[in-house]
2 protein chains.
Amino acid sequence: MKAVGVIVEYNPFHNGHAYHLQAAKDAAQADIAIAVMSGNFLQRGEPALVSKWYRTKMALLNGVDIVLELPYQFATQKAETFANGAISVLDAIGCQSLCFGSESGDISTFLQTIDYLESNKERFDENIKMNIKTGVSFPKALSLSFQSLSSSENLLRLDKPNNILGFHYVKALKQQKSLMVPLTVKRKNADYHDEHFATETIASATSIRKALFATNENNRSIEQYVPEATSTLLIEYLNEYGNFHAWENYWSFLRYRLLHSSPEELREIYEVEEGIENRLIASALDSSSFTEFMQRVKTKRYTWTRLQRICVHILTNTKKTEMNSTLEKAAYLRLLGMTKDGKEYLNKYKAQFTLPLISKLSAYKEKDILLDIKASRVYSFGLGKQNGNKLLHQEYKQPPIYVN
Amino acid sequence: MKAVGVIVEYNPFHNGHAYHLQAAKDAAQADIAIAVMSGNFLQRGEPALVSKWYRTKMALLNGVDIVLELPYQFATQKAETFANGAISVLDAIGCQSLCFGSESGDISTFLQTIDYLESNKERFDENIKMNIKTGVSFPKALSLSFQSLSSSENLLRLDKPNNILGFHYVKALKQQKSLMVPLTVKRKNADYHDEHFATETIASATSIRKALFATNENNRSIEQYVPEATSTLLIEYLNEYGNFHAWENYWSFLRYRLLHSSPEELREIYEVEEGIENRLIASALDSSSFTEFMQRVKTKRYTWTRLQRICVHILTNTKKTEMNSTLEKAAYLRLLGMTKDGKEYLNKYKAQFTLPLISKLSAYKEKDILLDIKASRVYSFGLGKQNGNKLLHQEYKQPPIYVN
């Protein structure tokens with residue numbers, strides 16, 4: 001059986017995802033699709049709208065055959081580390097190819113760009129340093145340097161979010177000496193961060209989430225932008241757990257953490273550097289919402305996303321000492337769900353997987369999965385007390401979701 | 001001017017307190033009464049019903065002339081440490097006498113008992129150790145040992161809570177070589193922990209709090225048991241801040257803290273010993289209320305009060321390293337409020353105070369007051385977001401309450 005790997009968040013699963021998934025299977029001529037999906041907290045430093053179990057169901061009902069969790073230490077990270085984790089998971093489970101969506105849509109451009117940057121590494125690094133000195137954030141400096149160096153070549157546009165991710169996927173493939181073949185399909189219409197609905201049937205996850213959280217009665221329905229299973233499962237989630245997860249639900253806990261901790265304690269947290277801890281504490285004292293807090297903390301030097309990621313690590317109490325040694329490759333495959341075909345694949349090839357497969361948390365006691373456990377515990381605080389307890393206990397007892 | 005010192009929590013101020021205060025002034029032939037009062041968290045390991053500012057107003061409107069805050073490191077403590085802090089505050093501000101309520105009511109019994117225990121120290125300590133080996137809590141062992149050793153003498157009954165406190169006050173006076181004269185008045189009617197109303201006008205603070213938190217319509221009014229100022233201020237507090245403070249309001253935060261911390265981190269917290277940290281984490285996982293949690297955690301070895309104190313220290317993130325060096329004597333006098341007479345006293349004698357007087361937090365940057373600041377920050381989380389912020393900012397800006 002031939003498997004194509006995809007790297008996803010499905011927050012929530014929408015028509016654009018369905019399109020990409022089909023295109024990936026076609027391009028790879030694959031029998032099944034395997035998704036590595038962020039769990040509780042996402043790349044941009046936000047809690048997932050609904051639990052990973054619900055997002056797994058959405059995926060399995062819409063064409064994915066196996067869903068694996070991207071471990072916490074890779075999920076809430078800059079593109080490079082995110083890519084390292086995701087590629088190592090898909091490689092370990094034996095995907096023959098990787099397919100990602102990009103603004104470019106042309107895989108040779110990715111390969112050329114990587115070669116170009118490798119042969120111009122020194123000049124490039126020098127240029128980034130110069131740009132950082134002007135006070136801009138690292139991603140901005142990267143993008144500026146790239147533009148200035150590559151203007152004459154036919155290279156990737158690295159100011160586009162999906163191109164950047166794809167670039168790091170292909171780079172990780174190379175670094176990890178993975179045999180997976182990289183493929184890319186051009187993204188349809190909606191830009192990654194679009195807050196508005198763009199076309200008749202395709203909209204960004206951002207605009208869909210925005211519509212879900214809108215409280216005015218005029219908000220447009222999301223139904224034309226998501227498969228039926230997504231609509232149904234979102235309603236089911238509200239019925240079962242009472243609310244979607246958003247940063248504001250965690251604000252009191254983040255603030256409590258910031259106001260009882262010393263700057264020294266906060267400096268032990270992953271990515272807390274350069275005195276940002278003092279700024280975080282002072283801003284927390286005066287803010288009564290997460291948005292207000294973020295607006296106070298924001299500087300030119302830190303992107304909103306980077307700050308949100310720092311906040312996630314503070315919220316989950318993730319220390320530098322817990323992270324730094326584990327960021328090269330994943331250490332396990334956490335199985336969240338499978339279809340009948342996915343099950344067949346697992347049974348057929350599991351002896352060849354290069355990482356241990358975890359089907360049930362309670363059966364696995366290794367220290368390596370502690371970060372995921374902590375993230376699940378903290379994620380449950382985004383719900384009311386009873387519902388939070390229910391979700392937390394599911395984490396320990398839930399066998400992988402099975403869709404026939 | 002002659003000042004008598006009293007050691008109080010006023011949670012809330014009731015008729016029994018008014019009676020004791022008058023009796024103290026009479027017994028001491030004092031011109032003014034100075035109270036050292038617990039701030040945000042109390043000796044039994046509970047948040048105060050209403051803020052220290054409201055409790056200060058109650059005190060000043062009912063006969064106290066100066067209210068000083070008992071610093072956090074003494075307030076949420078076993079009787080001995082609590083007494084060390086309280087006595088050192090009253091001594092530093094120049095009280096000529098100390099008056100406390102007790103079941104005994106006879107000061108000579110306290111003095112005799114202290115002498116007796118000093119001369120029988122070895123036998124007594126041996127006996128306590130034996131009792132602890134049977135698995136009972138330390139206070140229980142103390143009380144049993146005392147009974148077995150003192151049955152033939154005319155000594156204090158050390159199984160009564162106010163006798164125990166008084167015993168430690170007098171002991172602390174002696175140890176600190178204070179010149180304050182100890183006085184005691186017999187407590188009227190209500191036992192310390194009584195949950196039911198005992199007489200027509202005197203009821204324990206416990207029974208008053210119970211009535212305040214009761215939600216059924218049949219609950220008896222507290223008005224006959226408290227001065228008018230208390231009733232009025234309690235209603236005002238609800239109007240201004242939305243709710244009274246109780247452990248259940250802090251439960252989510254305590255649970256969050258327990259579920260994101262490692263056992264090693266919890267062991268750094270003051271009074272977390274003997275593996276109790278593992279029991280606390282496991283119990284927090286399964287409990288959806290503070291009461292449920294405490295019932296799971298409770299063992300014969302730990303009193304309810306001791307466990308609650310541990311929970312307060314976890315909630316406020318108070319480390320062993322922050323506490324152990326500061327438990328002998330207070331380092332400052334934090335002025336919460338004064339009457340006209342109190343102000344006169346302060347002006348007249350402040351040059352002779354043996355500790356610095358803090359009138360406004362924002363003017364005082366010493367490291368020593370950090371524990372009080374942290375306690376105030378955490379205490380504010382017992383209110384809704386907006387009201388919590390309001391209370392927290394008051395902590396920094398509030399000048400001492402003045403009652404003419």
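Author: The model is predicted, so local features are given only at pLDDT of at least 70 and side-chain atom pairs count only at pLDDT 80 or more, while totals for chains, interfaces and linings use all residues. Residues are numbered from 1 along each chain as its sequence is written, and chains are lettered from A, with ligands numbered from 1, in the order in which they are written.

Reader: Why are α2(A) and α10(A) called roughly antiparallel?

Author: Helix α2 (residues 52–60) of chain A and helix α10 (residues 228–241) of chain A pack at an angle of about 160 degrees, with their axes 9 Å apart. Angles over 145 degrees count as roughly antiparallel, and therefore α2(A) is roughly antiparallel to α10(A). The axes are lines fitted to C-alpha atoms over the stretch in contact, and the angles run from 0 to 180 degrees between N-to-C directions; the helices themselves are DSSP runs (H or I, at least four residues), numbered from the N terminus, as are strands (E, at least two).

Reader: What makes the crossing of α2(A) and α10(A) right-handed or left-handed?

Author: A crossing is right-handed if the near helix is turned clockwise from the far one by less than a right angle, and left-handed if anticlockwise; α2(A) passes α10(A) in a right-handed crossing.

Reader: How do you know where the domains of chain A lie, and what joins them?

Author: The bounds come from an automatic or database domain assignment, which divides chain A into domain 1 (3–103 + 183–190 + 328–403) and domain 2 (247–324). Their C-alpha centres lie 27 Å apart, and 13 residues of domain 1 of chain A are in contact with 15 residues of domain 2 of chain A. On the domain 1 side, helix α18 (residues 370–379) of chain A gives the largest share, four residues, and that side divides into six nonpolar, four polar and three charged residues.

Reader: What makes the relation of chain A to chain B that of a two-fold axis?

Author: Chain A is superposed on chain B by a rotation of 180 degrees with 0.0 Å of shift along its axis (RMSD 0.0 Å), which means that the relation is that of a two-fold axis. The superposition is by least squares on the C-alpha atoms of residues with pLDDT of at least 70 in both copies. Of the residues of chain A, A:F253 comes closest to the rotation axis, at 3.4 Å (C-alpha).

Reader: How do you know that the same surface serves both copies?

Author: 100% of the contact residues of chain A recur in chain B, and 16 residues of chain A are in contact with 16 residues of chain B. On the side of chain A, α11(A) gives the most, with five residues, and that side divides into five nonpolar, eight polar and three charged residues.

Technical notes
Angles under 35 degrees count as roughly parallel, over 145 as roughly antiparallel, 65 to 115 as roughly perpendicular and the rest as oblique. Two residues are in contact if their C-beta atoms, placed from the backbone, lie within 7 Å. Ala, Val, Leu, Ile, Met, Phe, Trp, Tyr, Cys and Pro count as nonpolar, Asp, Glu, Lys and Arg as charged, and the others, Gly among them, as polar.
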